[in-house]
Amino acid sequence: MQEGAADPGLYDYHPYNNRKKITWPEGKTCAVWVAPNLEYYEVDPPIGPHRKPWPKPHPDVVGYSYRDHSNRVSHWRMADVMDRHGFPGSVSLSVALCQHHPEVVADGVSRGWEFFSHGIYNTRYSYGMDEAQERAIIEDSIKTVQDATGQRIRGWLAPALTHTPRTLDLIAEYGLDYTCDLYHDDQVQHVKTASGNLASIPYSLEVNDHYGFNVYGMAGREYADSLIKQFERLADEGEKSGTVMCIPLHAYLIGQPHRIGPFEEALRHIAADPRCWKARAGDIIDSWRAQQ
Amino acid sequence: MSLDPSYIEYPKRREGYDHDYYEWSNIHTRAPVRWPEDKSVAIFLCVSLEYFPITPEDEPFRAPGHMVTPYPDYRHYTVRDYGNRVAVFRMLDAFAKAGVKASFAVNAAVAERYPKLIEAVQAGGHEIVAHSTDMNGTIASSMSEADERALVGDALARLEAATGEKARGWLSIARSQSWRTVDLLKEHGLSYCCDWVNDELPWRFRNGLANLPLSVDLSDRQIVAVQQHSAEAWAQMMRDAFDWLSDEAAAQTSARVLPMQLTPYIMGQPFRIAALEDLLTDLANREQSWFASGSDIVSSWEAQQ
């Protein structure tokens with residue numbers, strides 16, 4: 001990015017009308033990818049200068065144990081629902097989960113999920129890192145995920161969405177293909193970086209379950225309805241040029257007993273639509289690249 | 001300026017948790033649990049009986065639901081009192097009508113100030129769970145060990161003196177604990193707490209104290225007061241939760257707990273109470289449901305470990 005400039009120079013303006021037609025495999029109009037965030041929040045992380053990890057003095061029992069629900073209860077609930085409707089996961093992974101709860105990571109691997117990095121912990125923020133520190137977390141991510149899953153990560157969602165001005169250049173330099181941190185489009189877009197070949201894949205904040213439940217305070221049924229509406233519109237518009245819908249999830253939110261049933265109904269609806277391409281993030285990038 | 005080098009060091013990066021309070025466990029692969037009479041979903045009704053002094057304290061933090069306006073905040077003080085004078089009796093009647101048992105998490109000050117309310121709770125056969133001294137009795141690591149020990153001891157002694165019974169369970173205000181709370185609760189002879197929301201069955205800390213998870217997400221405070229849904233929408237969520245849990249329990253031949261935390265001044269309002277009454281009647285008639293006190297749930301679980 002152009003550090004200090006008003007426009008960070010991440011991408012060119014590229015209006016939605018009259019775009020080149022993207023066609024997804026078998027003529028599908030909307031690529032739907034599900035992005036479970038498999039996270040680990042530390043109970044007593046160091047407190048850096050830029051952001052406080054927990055609102056309460058440590059231990060923040062509710063904050064910590066709420067997220068622990070993912071790794072004891074709701075991960076499998078969410079994953080089973082995805083499996084039943086044929087959606088593979090593309091995982092935004094706190095890579096230290098590979099050490100803390102390898103069973104959860106192995107479960108995703110056994111379901112054929114793709115893994116990308118969401119930092120080491122969701123309680124360590126990139127703000128203020130120097131280049132060597134940032135390289136260390138990227139290299140740690142590549143190695144940790146490789147060792148745990150056999151996969152080389154292709155994507156990045158910054159830990160707790162925290163960045164430095166050099167993050168995108170660095171991940172592109174390490175050969176990563178996609179970033180989930182830019183929210184400017186409903187289609188895959190090229191990102192300008194110093195080297196490499198980086199694309200932005202739509203990863204929604206607005207239909208992220210965190211926004212749905214924690215920001216907008218939706219009921220599970222309202223959230224499920226918003227997913228269906230989001231899909232219907234994007235599938236319609238995708239007739240002109242293929243769109244992308246991401247369903248970003250956190251098991252401790254979507255996997256609560258009062259929400260998971262309505263969520264399953266939304267997935268059932270979307271899965272049954274012939275316009276839906278159930279894809280992994282990497283599949284979407286590959287198909288898009290092949291059409292450039 | 002770069003960050004301190006320790007910021008990218010991870011001394012607790014290891015298998016299992018980054019703390020020693022309890023062990024990791026996957027609910028779906030644990031030995032199955034069954035409730036009495038082969039019921040599969042225990043419904044843990046937990047009613048908070050809170051006394052908010054009109055003189056709020058901010059150390060270690062101000063409790064959720066506490067005073068808002070400059071002193072004297074008649075508005076919030078009296079609405080909370082409405083819960084203890086009026087609304088809770090609607091709830092007690094609703095429980096009696098549906099034939100269900102609940103646990104009441106009681107500030108010691110409520111027990112001292114309103115003995116007739118405690119009489120009614122006990123006459124209904126409900127459990128009394130300790131819930132600190134009053135709503136100024138919050139806990140966090142910023143307080144000293146001596147202060148915290150005194151708070152827990154004072155809350156338990158005053159509650160026992162006022163109710164004539166020794167509480168087995170503890171609910172911290174806002175479920176907020178310090179690093180020491182789990183040990184202090186054990187030291188004071190408690191059997192379980194409800195503060196950690198990470199599971200849907202009871203589990204045990206390494207020190208022997210049990211935890212009965214009481215979901216924040218499923219509380220009336222979260223759904224009605226924070227997220228601003230209607231009582232009817234809340235009841236729909238409870239039915240959705242019950243349906244999911246009973247199906248999951250059947251598929252896994254194991255059991256689950258559905259926690260339902262109620263606040264009299266919220267769910268006991270005249271325009272909301274019918275949604276609770278209808279829900280209780282509906283769920284009490286389901287063959288999978290077991291309405292039980294926290295103590296009974298923990299005891300049943302313990303007997304199967």
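Helix α7 of chain A runs over residues 220–237. At 1.5 Å a residue, its 18 residues should span 26 Å, and its end C-alpha atoms are 26 Å apart, so expectation and model agree. The model is a predicted one.

Which residues of α7(A) are buried? They are A:Gly220, A:Tyr223, A:Ala224, A:Leu227, A:Gln230, A:Phe231, A:Leu234 and A:Ala235. Viewed down the helix axis, these buried residues fall within an arc of 120°, so they line one face of α7(A). An α-helix has 3.6 residues a turn, so residues three or four places apart point the same way.

What does this buried set pack against? Within chain A, the partners are β1 (30–38), α6 (209–215), β8 (243–250), α9 and β9 (276–278). Chain B also takes part, through its α7 (231–252).

**The two chains**

| Property | Chain A | Chain B |
|---|---|---|
| Secondary structure | 10 helices, nine strands | 10 helices, nine strands |
| Radius of gyration | 18 Å | 20 Å |
| C-alpha box, roughly | 50 × 45 × 35 Å | 60 × 55 × 45 Å |
| Buried residues | 55% of 292 residues | 50% of 305 residues |

For chain A, a compact globule of 292 residues would have a radius of gyration near 19 Å, so the 18 Å of the model agrees. For chain B, the rule for 305 residues also gives a value near 19 Å, and the chain's 20 Å agrees.

In chain A, take the contacts between residues at least 6 apart in sequence: 75% of them join residues at least 24 apart. In chain B, residues 24 or more positions apart account for 74% of the contacts with a separation of 6 or more.

**Where the chains meet**

The contact takes 40 residues from chain A and 49 residues from chain B. On the side of chain A, the elements giving two or more residues are α1 (61–84), α2 (97–100), α3 (102–110), α4 (131–149) and α9 (257–271). Of these, α1(A) gives the most, with nine residues. By class, this side of chain A has 19 nonpolar, 14 polar and seven charged residues.

**The nonpolar core**

The largest nonpolar core has 180 residues. Which members touch the most others? They are A:Val32, A:Ile201 and A:Ile284, along with B:Ala42, B:Ile43, B:Phe44 and B:Leu45. Take A:Ile201 as an example. Leaving aside neighbours within four places in sequence, A:Ile201 is in contact with A:Tyr178, A:Cys180, A:Val188, A:Val244, A:Ala281, A:Ile284 and A:Ile285.

Technical notes:
Residues numbered from 1 in each chain as written. Chains lettered and ligands numbered in written order. Predicted model: local features only at pLDDT ≥ 70, side-chain atom pairs only at ≥ 80, totals over all residues. Contact = placed C-beta atoms within 7 Å. Helix = DSSP H or I, 4+ residues; strand = E, 2+ residues; numbered from the N terminus. Nonpolar A, V, L, I, M, F, W, Y, C, P; charged D, E, K, R; others polar. Core = buried A, V, L, I, M, F, W, Y, C linked by C-beta atoms within 7 Å. Buried ≥ 20, exposed ≤ 12 C-beta atoms within 10 Å, placed from the backbone. Rg over C-alpha atoms; globule rule 2.2 N^0.38 Å. Expected span 1.5 Å × (residues − 1). Arc of directions from axis to C-beta.
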